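The questions below are meant for a student who is learning to read a structure step by step. Please look at the sequence and the 3D view first, and then follow each answer on the display.

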Amino acid sequence: MPGIDKLPIEETLEDSPQTRSLLGVFEEDAAAISNYVNQLFQAMHRVYDAQNELSAATHLTSKLLKEYEKQHFPLGGDDEVMNSTLQQFAKVIDELSSCHAVLSTQLADAMMFPITQFKERDLKEILTLKEVFQIASNDHDAAIIRYSRLSKRRENEKIKAEVTEDVYTSRKKQHQTMMHYFCALNTLQYKKKIAVLEPLLGYMQAQISFFKMGSENLTEQLEEFLTNIGTSVQNVRREMECEIENMQQTIEDLEVASDPLYLPDPDPAKFPVHRNLTRKAGYLNARNKTGLVSSSWERQFYFTQGGNLMSQARGDVAGGLVMDIDNCSVMAVDCEDRRYCFQITSFDGKKSSILQAESKKDYEEWICTINNISKQIYLSENPEEIAARVNQSALEAVTPSPSFQQRHESMRPTVQSRPPAARTSSTGSLGSESAALSALSLDSLVAPDTPIQFDIISPVSEDLPGQAKSSGQSGRRTNPFGETGGSKSETEDSILHQLFIVRFLGSMEVKSDESPDVVYETMRQILAARAIHNIFRMTESHLLVTCDCLKLIDPQTQVTRLRFPLPSVVLYATHQENKRLFGFVLRTSGGRADSRQTSICYIFESNNEGEKICDSVGLAKQIAFHAELVRISLGDSISL
């Protein structure tokens, strides 16, 4: 190293301007050293803090790796290979954490301690000596000034002695302080080099020691382990890149294929309706009543689960039960001028829900799916195959009338009547059961091309010969329980009044009215025609059973829609499996131009009350029959 510059201590007593000028240079150098050392101290302190933070973070990392196997991950939480690998990493990182802790201690002793000592002790000593020297110099200058003002004419020995003593004392103090100050400044030239080099030396030695400890811990076995892990990481990365490429391709394909599905109501020609589903899921709008006349609609995710309809709000973990749809009924409804609305009613009729689909395709698929579930097809081994077979059989079995006018004209009655014969049977039909009917083919019961009437249009609403139009005819507002205050209706004298909620499915002309097989075949053809031709709408009515007639009454206006004279109802039966379905055959006389009799079968759906309705009709027939017998006997007695 080059020579060290020094302040001349021998010239401190003389205190010449040259000495003072040189002292200023050394003081300026001391200030620069102090500024630089402060910056270096901050930098080294950051290194020390970072090392402490690294040591703590490494220890925390090791702790978290050890706790990995205790975590409950929803996906991939039981990966034993991953658990063992992380435990091995935790062990190595724990050892590295110990090495980092040792490094932190060495940095504190070998790097931070020397520079802190220089900053807090040596530099502060220089500042203190500078202040003391400045005070001593000022005191000496003041004593010299007072000594210079002594009068030579009026000498006062006492004052002279005091001033002289002051000069002596202040000069001695200045001289001694200046020598110590010069000594400290000269020493600072050595200490500044030590203060810079010693912390750096301690830092490098600590790092070398740390690397040696790390090298001892990273054995060949660990290097092999790290090599294997690196290979595994590269394999996972390649799999990820391949998967990303596949997903990107899938996204592109789905974007092209799904473009028509972005429309709320896609083209049914491109996306046909699947009618064989026994499971369905998707978003629907549910109608919730908020008052007597007000309601709100809420969009929720609905799905079928076995024989249950479930709903799940967005964000919920699981769905909740909406209703049991085994043996339920579903029909299209008009609701608040909204499209694609349908109503599901439970088997007992106590619960119903009105839902709205987003598209016509979803609307028809939901209705078909719920219909399939209500028949409990989902309980079979191959439910969709069975549903397809049922639909295919229905497709081959029936073709309904193409127009309303053809159906209406084919069902118009004639005027001539034929008195019905009284019959009774265990199935609810009237008359003796003939064994020959069991051998009849289906074509002998219902002709294959017979038109089907899905609207409530009845020939009974027209006037028949010899039968006056009563107050209960179609179009007249009726109290179903006969509690009118005006003229006496035909139902007021009836002993039996029973009211049922029914939905009209359809009607068609039949060839025979002698066997319940006629009703069963009519049910099959009407249900098949509805499914094939997407006819889901059903008209709900109140069926009033009395001893005189059957009436279909509008539940809102109480207007009689249809009236069926009880003597004309010659056959009635429920479905053999689905007890919600029932039907009856009405025998009517021909008109003026045609004298033949016509038999029309009407099919309805009830709220699981088909047998009760048939029992009620049978009871009404028995009451009417006994009343007729009483009337005849009274007439014979009067004639006698």
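Q: At what angle do H1 and H3 pack, and how far apart are their axes?
A: This is a predicted model, in which local features need pLDDT of at least 70 and side-chain atom pairs count only at pLDDT 80 or more, while totals for chains, interfaces and linings use all residues. Residues are numbered from 1 along each chain as its sequence is written, and side-chain values use heavy atoms, with hydrogens and water left out. Helices (H or I, at least four residues) and strands (E, at least two) are DSSP runs numbered from the N terminus, and axes are lines fitted to C-alpha atoms, for helices over the stretch in contact, with angles from 0 to 180 degrees between N-to-C directions. On that basis H1 and H3 pack at about 30°, with their axes 10 Å apart.

Q: Are H1 and H3 roughly parallel or roughly antiparallel to each other?
A: Angles under 35 degrees count as roughly parallel, over 145 as roughly antiparallel, 65 to 115 as roughly perpendicular and the rest as oblique. The angle between H1 and H3 is about 30°, and therefore the two helices are roughly parallel.

Q: How is helix H2 oriented relative to helix H1?
A: Helix H1 (residues 17-66) and helix H2 (residues 80-148) have axes that come within 7 Å and cross at roughly 160°. Because of this, the orientation of H1 to H2 is roughly antiparallel.

Q: Which residue classes make up the contact of H2 with H3, and how many residues has each?
A: The axes of H2 and helix H3 (residues 157-217) come within 7 Å and cross at roughly 170°, so H2 is roughly antiparallel to H3. Ala, Val, Leu, Ile, Met, Phe, Trp, Tyr, Cys and Pro count as nonpolar, Asp, Glu, Lys and Arg as charged, and the others, Gly among them, as polar. By these classes, the contact of H2 with H3 has 31 nonpolar, 14 polar and 11 charged residues.

Q: Is Thr522 buried or exposed?
A: Thr522 is found in helix H9 (residues 517-532). Buried means under 20% relative accessible area, exposed over 50%, and partly exposed in between (1.4 Å probe, protein chains only). Because the relative accessible area of Thr522 is 0%, this residue is buried.

Q: Which side chain makes a polar contact with that of Ser541?
A: Ser541 belongs to strand S11 (residues 539-545) and, at 1% relative accessibility, counts as buried. A polar contact is a pair of N or O atoms within 3.5 Å, where, within protein, one must be able to donate a hydrogen and the other to accept it, and residues adjacent in sequence count only if both atoms are side-chain atoms. At 2.5 Å, the partner of Ser541 is Arg561.

Q: What kind of aromatic pair do Tyr283 and Phe301 form?
A: Rings of Phe, Tyr and Trp (its six-membered ring) pair if their centres lie within 6.5 Å, and planes under 30 degrees apart count as stacked, over 60 as edge-to-face and the rest as tilted. A search of the whole structure finds 14 aromatic pairs. For Tyr283 and Phe301, with centres 5.3 Å apart and 75° between the planes, the pair is edge-to-face.
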